[in-house]
Amino acid sequence: MTRFIDLTLNGISTGAVYAAVALALVMIWRATRIVNFAQGGMLMITTFIASSVIGSSGSYWLGFAVALVCGLVLGAVVERVLMRRVEGGPPLNAVIVALGLLILLEAGAGMIWGNTPRSFPPAFSIRGYDVGGTTLLFSPNDTFTVLVVVAVAVGLALLFRYTAVGLRMRASALAPEVARLLGVRVGRMFTLGWALAAFVGSLAGLLVAPSVFVGPNQFDPILIFGFTAAVLGGLDSPPGAVVGGILLGLALSYVSGYEGASLVTLAALVVLIAVLMIRPGGLFSTRKERRV
Amino acid sequence: MRVDKHKVRAVGAVGALLVALVVAGCGSSSSSSSSAPGVTATSITFGTHQPLTGPAAPGYSEIAPASQAFFDYLNAQGGINGRKIHLIIKNDEYNPTQTVSVVHQLVLQNNVFGIFEGLGTPTHTKVVSYLNSSKVPDMFVASGCACWDNGTAQPYTFGWQTQYTIEGKILGQYIKQHYAGKKIGVFYQDDDFGTGGLAGIKDELPASSIVSAQPYQPGGTNVAPQISAIKAAGAEVLVDFTVPIYTALGQLTSFTLGYKPQLVVSNVGIDPTTVGGLLKTFSKGKAGTELIEGAVTDGYLPSSSDLSNPWIALFKKIHDQYDSSAPFDGNVEYGMANAYTLAQALQLAGKSLTREKLIEAVNEKGAQLTGPGLVPFRYSKTDHGGYSGVEIGQVRNGKIVLFGGPLVTEPTSGAPITPYTTAQPAPPSSGVSVP
Amino acid sequence: MNAALARLRAPQSTLLRSLALALLAGVALFIASELLSAYDDLQLASGSYYFVVLAGLTVLTGLSGQISLGHGALMAVGAYTVTLLVGNEHWALVPALAAAILTTALVGTIVGAAATRLRGPYLAGATLAFAIGLPALADKYPNTFGGANGLIINPPTPPSGLGSSFPLERWEAWIAGAGALVVVFLMRNLTRSGVGRSFRAVRDDEIAASLCGLHVGRVQTLAFVVSAACAGLGGGLLAVVLQLAAPGAFELGLSLSLLTAVVLGGLGSLVGAIWGAAVLVLLPGWSNDLAHSFSLSTNVSNNLPLAVYGLVLIVAMLVWPSGIQGGVRRIIAVARRILRRRIGGTPEKLDKHSTQDQEEQPNES
């Protein structure tokens, strides 16, 4: 029983991390209809910046704030300079540009900060809670991560559903021409979407970094599972990203614990296919299939 | 007249193909001369394949530049037998496809005399048969796999570092002597490194004392299921056959769980500079090694933090002059020590140098070589394994302190472990010293 | 001269034209393999097996409109099949390659059938999970698949008729080149056949296609099977040329490189697949040489080739949205227009011809 509890708690804490990355991908998808592989590179850069700031200033929250601000700026710049030129063309071109940007960012980080991973401080203690004499595999920092992820998911859902800005962003993504005719500044909405997505991504990086260390390639596994979680939950749904992330985290934790670490990636494949076969748009998809 | 567009297209496509091929061909050098390739009266060139980028790069990317720094030091004194040693380092990103490609490039295009310090088991195993069938010296592979230890079938390939199985045996014996009756848990990498070490441990310890053996896949970052399983089994001693990142990840999970077993860590994954750097922000002190303090480990070279050791002092001096951008840690020491052995082999091979003479030199005199190693080499015509043992050590005040004296053994099951009592010689004031 | 060329008409039938092209390419490859050095022959072999995979992938993604981030795993299936059959069961080369094609086509059928329900990023996510999940089998069953080290086989020996000093690399280039020629012939026919048209029809408008009587699911699955067969052959040829199959050779990076190469070369076009293969094989070497020609700090020179690759992807997509082949086509069209004006002829007739050429068959090679 303790084993099951340990694995469940581990699943939730790792799942929250996947959910954080998934939320950034959902944000970008809803706002611009692009799958942004460069998200991983951008959050890696902002986490490196945070690490440098924390190292030189000694203050965690200062580095935290700087990373979030850098995220906003980086997202806006990338959209304006790069993605604006490929947004109208074939969707695959945007994917390739995003991949190119990811590779460029990872190489750039390697050039500036080197390939050796470095330590990153957690926001709160990582010592597990003591319950009835046993130490749980869940710490105050994990609680913080889960709470932040849920808060961001709720915030995004509210943004898209109930605010005018959210409506404008969705309109710009789904029907840009019509939105323009109705007076929406589509370009500005895209920039805002990218900036917010990079903000969420930076947040994800700060939450993840203590347990994966900061290095050019250290975030890669998290990104892959984050993308899987986003697809699992439905790319249009922030709550879907959270549910997808937690579900994936739990599944992988149980498989790693009961079957062995070698089957983890295969388990991710099985879970994803199982869900997508039943609901091809992800768990929380709203679109109905049109079968002729 | 309307040109048939299909003809144009066909000719265009084929023409483009030919142009691309000719351009690709333009960069290739002429074929090598009939005498030994890669060697002249004044220089000798080796090549190596290393993971310079990618997930396997941390730490390992320091090794070849450190070897190059040692060669620079020798070259400043005139080199070996009047020849300056050059090392061409190529990046294979730990991808066997790339390894095959860059090794072919080194042999066929760069015309190297031999390959030196090729890094990695999954990578280097893919070029061993090519190098041996092409009769290219494959010196001192940077891996502790038993794969290189076959002088009969692979005469051109030599290992260098102590094999993982030997290390496992000596660590296992130490555990048997000092932690008798305690429950043992093993956390190991799911490849030759981890399984080799585990086999050595099992050779010395009774099977009933190993209560949990959990493999991990390099690439994943969640090791909590494995560590919590070891804790749940009640292990009081945790043996880590891990690379530094996974030693650190294991310690983080142990800290979360409040799990404080006696650590026993392979020399591959214990470098306190590297592991301490990864754990820095979790430990109260600046060093970051609190979580591995007191860990038992081993080494076949002196501890890199022991500046009173004349070899370490020499390597530090060379590092500060030729390789100062890297931290001075176990990886840099490894690169320089391995380079020292290659330089010794070249010295032994003599002034009129051929590939066969280099091989013969190591086969015949390799076992008598002394240098920064704490234990002797096992080299012979049939045995190409490398160092024959390790000395037990412990992390004290964030540094590895070796004690107890070097021990040597054979990798075969049941072979006895015997002490090696010859003292380590002092480094020569210049160049290298050979028997 | 003009009269002589006019008599030498290209054959009208697609089949014969493809055969002629394949033979021409075969002659070019043969000449090249004789002229190139041993290492460049190895590069030629690598380019050939990459072309084989890319040809299938460009048909899948370009003609059939289905994105796949999992072709690296399909190559792994082909490579492991060949190494197991040749290494353990001592099969001959051609039967082993045929078995690799069949096995991978079978896997492709399963993947393709699952893929018919998925669109866009969901298909991308599923194929990405496939790319990282399938190689896990090698770690789970290390006794069969060799674990992290993978499997090694002996190099293919050139037949004794060629002489004892025939370079191994040239023989490998011939084997891989032969595979590439077969693929050129078959794929060129496929893209111009009814099957190819059905791929395009389903890509452009599923509902209209099904109204015309095409079974959308079956057409999409067929596209997957065809591209999987190509990937299996490519992976099998990789195993023959490099004599290895290991999980480290088929990581996610390979699948992503294949996709970028296909788009970079020119989506939907077989000549684009040639460009893509050339980039995959030649760019790393060039950028490595570039990095070492300056004396830069270790961190910078280690990472420079990767930075160059990323930059090339970005710039190429911005400058040539239709890929290299799109750019080449534009250059040829401009050159043709200039040539025609020089040769002479009524301006109206010439303009009509040139616009006609550009409008028809935009995606054919």
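1. Which handedness does the crossing of helix 4 of chain C and helix 5 of chain C have? The crossing is right-handed. Note that this is a predicted model.

2. The geometry of that pair is as follows. Helix 4 of chain C covers residues 71–88, and helix 5 of chain C covers residues 93–115. The two pack at an angle of about 140°. Their axes lie 8 Å apart.

3. The residues in contact can be listed from each side. Helix 4 of chain C brings Leu74(C), Val77(C), Gly78(C), Thr81(C), Val82(C), Leu85(C) and Val86(C). Helix 5 of chain C meets them with Ala96(C), Leu97(C), Ala99(C), Ala100(C), Thr103(C), Thr104(C) and Val107(C). By class, this contact has 10 nonpolar and 4 polar residues. No charged residue takes part.

4. Now to chain A. Its secondary structure comes to 11 helices and 2 strands. From the N terminus, the order of elements is α-α-α-α-β-β-α-α-α-α-α-α-α.

5. On overall dimensions, chain A has a radius of gyration of 19 Å. The globule rule gives 19 Å for 292 residues, so chain A is as compact as a globular protein of that length. Along the principal axes, the C-alpha atoms of chain A fill a box of roughly 65 × 55 × 35 Å.

6. Burial and contacts in chain A come next. Of its 292 residues, 63% count as buried. Take the contacts in chain A between residues at least 6 apart in sequence: 74% of these join residues at least 24 apart.

7. Last, the surface. Chain A exposes about 11,000 Å². Carbon and sulfur atoms supply 69% of that area.

Conventions: Residues are numbered from 1 along each chain as its sequence is written. Chains are lettered from A and ligands numbered from 1 in the order in which they are written. This is a predicted model: local features need pLDDT of at least 70, side-chain atom pairs count only at pLDDT 80 or more; totals for chains, interfaces and linings use all residues. Side-chain values use heavy atoms; hydrogens and water are left out. Axes are lines fitted to C-alpha atoms, for helices over the stretch in contact, and angles run from 0 to 180 degrees between N-to-C directions. Helices (H or I, at least four residues) and strands (E, at least two) are DSSP runs, numbered from the N terminus. A crossing is left-handed if the near helix is turned anticlockwise from the far one by less than a right angle, and right-handed if clockwise. Contact means heavy atoms within 4.5 Å. Ala, Val, Leu, Ile, Met, Phe, Trp, Tyr, Cys and Pro count as nonpolar, Asp, Glu, Lys and Arg as charged, and the others, Gly among them, as polar. The radius of gyration is taken over C-alpha atoms; the globule rule is 2.2 Å times the number of residues to the power 0.38. Buried means under 20% relative accessible area, exposed over 50%, partly exposed in between (1.4 Å probe, protein chains only). Accessible areas come from the Shrake-Rupley method with a 1.4 Å probe; for residues, only the protein chains shown count as cover.
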